[in-house]
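Dear colleague,

Please find below the structure that I am handing over to you, followed by an account of what was found in it. I would be grateful if you would read the two side by side.

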Amino acid sequence: MEVLSRLISYDRHLFAKVFRQGERRTVIPIAKALSRSGDGYLHLLIPLVLWQLQLPDFPDFLTLLALALSLERGLYWSVKNSLRRPRPQNAIPGLRSLITASDQFSFPSGHSSAAFLLATALVITFGGPVLAMYLWAWGVALSRVLLGVHFPGDILAGALMGSALALASATLLGVL
């Protein structure tokens, strides 16, 4: 139990350091834009664009994305509503997040999970600019801490969950 207490204490300490950076005027609009880009619209827009491009690996990508997202959303919802970790603004007295979260609980970060799932599915299927895709996913994840709606441990768990489910789905489908 002491290990868990130490992890929670470290998570809160790291949150405070990162959240303070989000209070800078130049950081807020960028963080909000990155956070919005992780709202799920790209999970629909990217397949539409790839379909229009008539890429030969598109059917594999679409199947991988559909399976991985189905598993991820189910696991994300189950874990989040079972553990019921309060969001930073509910856990830290006097803290106000810079945006309103779409749900009440913090762990894991669904934005982080979905962003890393999408980045991993794209890399598995098409290769390409791996660094750019993962920089975007980390930007989405970090924005959630900067805006005060997640602790760093939430985004780390989400990143691992999304990536792992994309890899597991690709393995199940024989794409990897």
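A polar atom of the side chain of D11 lies 2.7 Å from the backbone nitrogen of G153; a polar contact is a pair of N or O atoms within 3.5 Å, where within protein one must be able to donate a hydrogen and the other to accept it, and residues adjacent in sequence count only if both atoms are side-chain atoms. This is a predicted model, in which local features need pLDDT of at least 70 and side-chain atom pairs count only at pLDDT 80 or more, while totals for chains, interfaces and linings use all residues. Residues are numbered from 1 along each chain as its sequence is written, and side-chain values use heavy atoms, with hydrogens and water left out.

D11 itself belongs to helix α1 (residues 2-22); helices (H or I, at least four residues) and strands (E, at least two) are DSSP runs, numbered from the N terminus. D11 counts as buried, at 8% relative accessibility. Here buried means under 20% relative accessible area, exposed over 50%, and partly exposed in between (1.4 Å probe, protein chains only). Apart from its neighbours within four places in sequence, D11 is in contact (heavy atoms within 4.5 Å) with R85, F151, P152 and G153.

As to the overall fold, the protein chain has eight helices and zero strands. Its C-alpha trace spans about 55 × 40 × 25 Å along the principal axes. Of the 176 residues, 41% count as buried. Among contacts between residues at least 6 apart in sequence, 77% join residues at least 24 apart.

In soluble globular proteins, nonpolar side chains tend to be buried together. The largest nonpolar core in this model has 33 residues; such a core is a set of buried Ala, Val, Leu, Ile, Met, Phe, Trp, Tyr and Cys residues joined through side-chain atoms within 4.5 Å. The residues with the most contacts inside the core are F15, F61, L118, L122, W136 and A137. Two or more residues each come from α1, α4, α6, α7 (130-146) and α8 (152-173), and α6 gives the most, with eight residues. Not counting residues up to four places away in sequence, W136 touches L34, S37, G38, L42, A115 and L118. T120, which lies in helix α6, is also buried, with a relative accessible area of 3%. Leaving aside neighbours within four places in sequence, T120 is in contact with Y134, S163, A166 and L167.

Turning to the aromatic residues, rings of Phe, Tyr and Trp (its six-membered ring) pair if their centres lie within 6.5 Å; planes under 30 degrees apart count as stacked, over 60 as edge-to-face and the rest as tilted. By this rule there are four aromatic pairs. One of them is the tilted pair of F61 and F126, at 5.5 Å centre to centre and 50° between the planes. This pair links distant parts of the chain, with F61 in helix α4 (residues 58-83) and F126 in helix α6 (residues 110-126), 65 residues apart. F61 is buried at 0% relative accessibility, whereas F126 is partly exposed at 27%. Ring pairs also link F116, Y134 and W138 into a cluster.

Q89 is found in helix α5 and is partly exposed, at 37% relative accessibility. The side chain of Q89 makes a polar contact with the side chain of S97 (2.7 Å). The C-alpha atoms of Q89 and V149 are separated by 7.2 Å, although these residues are 60 apart along the chain.

Finally, some details of the backbone deserve mention. F107 and P108 are joined by a cis peptide bond, with omega about -5°, and P108 is placed in the loop between α5 (88-91) and α6. Q54, in the loop between α3 (41-52) and α4, has a positive phi of about 55° although it is not a glycine. Q54 is exposed, with a relative accessible area of 70%. R84, in the loop between α4 and α5, likewise has a positive phi, near 55°.

Yours sincerely
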